[in-house]
Amino acid sequence: MEVLTRDEVAPGRVELRGSMDIYAAAELHARLLELLRTRQRLELDLSGVDEIDTSGVQLLMSTKRAAAAQGRALSLVAHSPAVLETLELCQLLAFFGDPVVETTGARS
């Protein structure tokens, strides 16, 4: 999983690319918590996430809770079809509370 900071696009914007799965979860979680410590607001651009499993969903939920506990804002933007489908399946769109804009391709 690739983590790219995109502060030039929007303050606190972080683009995630690749698979958000059990193999990337521990390293990604540590990286996101590190970014939360240095920013008041973190905006996760999920347009490059091509695969997400339950570990990835748990990671997003944990990061959202950590942000709230630290008084910081976390939002999800540009949901990829894979992310959108998984969050819908798990009925978690309301948990995150972000506007949903699917970025590329049609879901199957």
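## Strand pairing and crossovers

In strand β4, the bridge partner of R41 is A73, where strands (E, at least two residues) and helices (H or I, at least four) are DSSP runs numbered from the N terminus. Strand β3 (residues 41-52) pairs with β4 (residues 73-77) in the parallel sense over five bridges, pairing being assigned if DSSP finds at least two bridges between two strands. From β3 the chain crosses through α2 to β4 in a right-handed β-α-β crossover, meaning that, with the strands pointing away from the viewer, the path from the first strand over the helix to the second runs clockwise.

Strand β2 (residues 13-20) also runs parallel to β3, joined to it by seven bridges, and within β3 the bridge partner of R13 is E43. The chain passes from β2 through α1 to β3, and this β-α-β crossover is right-handed.

## Basis of the model

The model is predicted, with local features requiring pLDDT of at least 70 and side-chain atom pairs pLDDT 80 or more, while totals for chains, interfaces and linings use all residues. Residues are numbered from 1 along each chain as its sequence is written, and side-chain values use heavy atoms, with hydrogens and water left out.

## Helix packing

Helix α1 (residues 22-38) packs against helix α2 (residues 54-69) at an angle of about 15 degrees, with their axes 10 Å apart; axes are lines fitted to C-alpha atoms, for helices over the stretch in contact, and angles run from 0 to 180 degrees between N-to-C directions. The contact (heavy atoms within 4.5 Å) involves residues including L28 and L32 of α1 and L59 and A66 of α2.
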